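Me: I am new to this structure. Please show me how to read it, step by step.

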Amino acid sequence: MDVAEIQHQNPKANSEKAGTGMNKYTIVCALLASTNSILLGYDIGVMSGAVLCIKENLKITSTQVEILVGTLNMFSLFGSLASGKTSDYIGRRYTIVLAACTFLIGALLMGLATSYLFLLAGRAVAGIGVGYALMIAPVYTAELSPAMSRGFLTSLPEVFITFGLLVGYIVNYALSGLPPNMNWRLMLGLAAVPAVGIGLGVITMPESPRWLVMKGKLSEAKQVLIRTSASEEEAQLRLEEISKAALALPPSTSPLTAHEDGRGAWKELLVHPSKPIRRMLIAAIGINFFMQASGNDAVVYYCPEVFKAAGIHSRKQLFGVNVIMGLAKTSFVFLSASYLDSFGRRPLLLLGCAGMVISLAGLGLGSKFLEHSSTKPTWAIALCIMAVCTDVSFFSIGLGPITWVYSSEIFPMRLRAQSLSLAISMNRLVSGVVSMTFLTISNKITFGGMFFVFAGIVVVGTVFFYFFLPETKGKTLEQMGALFEDRDTSIANRVRELREM
């Protein structure tokens, strides 16, 4: 069976009818793919507490702490850059397995580390696995999901990041009483457990139907779509739409060309992009930049350092604050994921950013007051704790889940893997820079000053999102090109709306 035959089986098919349902098998596959994200969440959560123990045990400086924390993020840049070509070559499913195996090796190296350099090597290897995982989970889920439920399903990676974060906080709290030479090794080494489970679970998943179409395996793609659609008729409609998108490509760039494996995609993205592709790149790279420039990772990684400076010195209390923050973050990411497909991406994104600006400003004010107070009043500490919790909660409503959803759904099939790997690389680069400079810059301008800077960055990000990110709710992946064709008109309309307010 070839693409042309698929197209002529039902010429009256309407693409708008495609993707109207979701079955249990689709949910299970999306859950399995998204569990890869637990690995990053667990590392962020557990590392926020482990660094205190590592600093005490290995006698390292604050600069070495920054390098240790940022190494994983910087090396994840290499994983995300390589993941596009890898996933086009070996498939989405086996790339998920590769990510879990790489992280497993890194976790074992960290748990067995006997020196600072040994520990750095483990974080570098784990970082490559994280880079693969962050790109492939949303791509696989987006390509498997029907349009009307794609927002919920592709937000699952952020849900699992947040869940992993909470587990990391709980492990910190539970193991904090162990000797310093043992507790941090157990904290980091336990990450190997979910990595093994993920690698084994993903093998049972089907391959992405869009990747199968790219390889000309239309019969296999149809079987996967039948299993992941509400009915066989819906599966046929989805297959026709995917096949039509494949046929619409120029012969020289057709994804059905044998053994292409992504060749020419980078040239089309970076050298001769069309206007819609350029707008998609700006939107995806922009949202990934602001996701990390907002300082969320720094707030999470260094929360114990911030509250230590605020006057909380008990390790149990510091880790307890982290658990409270993790619970707040987890609750709101579930709330956002549940309403993404009904409220849309833009409203939740803009709401989340507005809440983050207020929270970061409040955290800045509280921190500034504590920096100039010798008594460390309880109300100021409570304000900082509340501001941290609301900041991560609003992040979980907006930037957290929507960055993964939006980045994975806007690009055409032939460019999706490479485009997302480019956007995630920006995400990882900015995350690495922020986490490796947060303490150094804070020593110059104070923690309060840093939070004011983050608030200003989120304000700029909010303006960017308002003008450059169109709503994608309910659109199929194959309809995104038309959505970005009319961006000049959309921007002009938004300017007019602002003038009329």
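Reply: Start with surface. Accessible areas come from the Shrake-Rupley method with a 1.4 Å probe, and for residues only the protein chains shown count as cover. Here the protein exposes about 18,600 Å². Carbon and sulfur atoms supply 68% of that area. This is a predicted model: local features need pLDDT of at least 70, side-chain atom pairs count only at pLDDT 80 or more, and totals for chains, interfaces and linings use all residues. Residues are numbered from 1 along each chain as its sequence is written, and side-chain values use heavy atoms, leaving out hydrogens and water.

Me: How many helices and strands are in the protein?

Reply: Helices (H or I, at least four residues) and strands (E, at least two) are DSSP runs, numbered from the N terminus. The protein has 24 helices and zero strands.

Me: At what angle do helix 3 and helix 9 pack?

Reply: Axes are lines fitted to C-alpha atoms, for helices over the stretch in contact, and angles run from 0 to 180 degrees between N-to-C directions. Helix 3 (residues 38-58) and helix 9 (residues 180-189) pack at about 160°, their axes 9 Å apart. So helix 3 is roughly antiparallel to helix 9 (angles over 145 degrees).

Me: Is Leu40 buried or exposed?

Reply: Buried means under 20% relative accessible area, exposed over 50%, partly exposed in between (1.4 Å probe, protein chains only). Leu40, in helix 3, counts as buried because its relative accessibility is 4%.

Me: Which residues does Leu40 touch?

Reply: Contact means heavy atoms within 4.5 Å. Not counting residues up to four places away in sequence, Leu40 touches Leu72, Val130, Leu134, Ile161 and Arg428.

Key: Angles under 35 degrees count as roughly parallel, over 145 as roughly antiparallel, 65 to 115 as roughly perpendicular and the rest as oblique.
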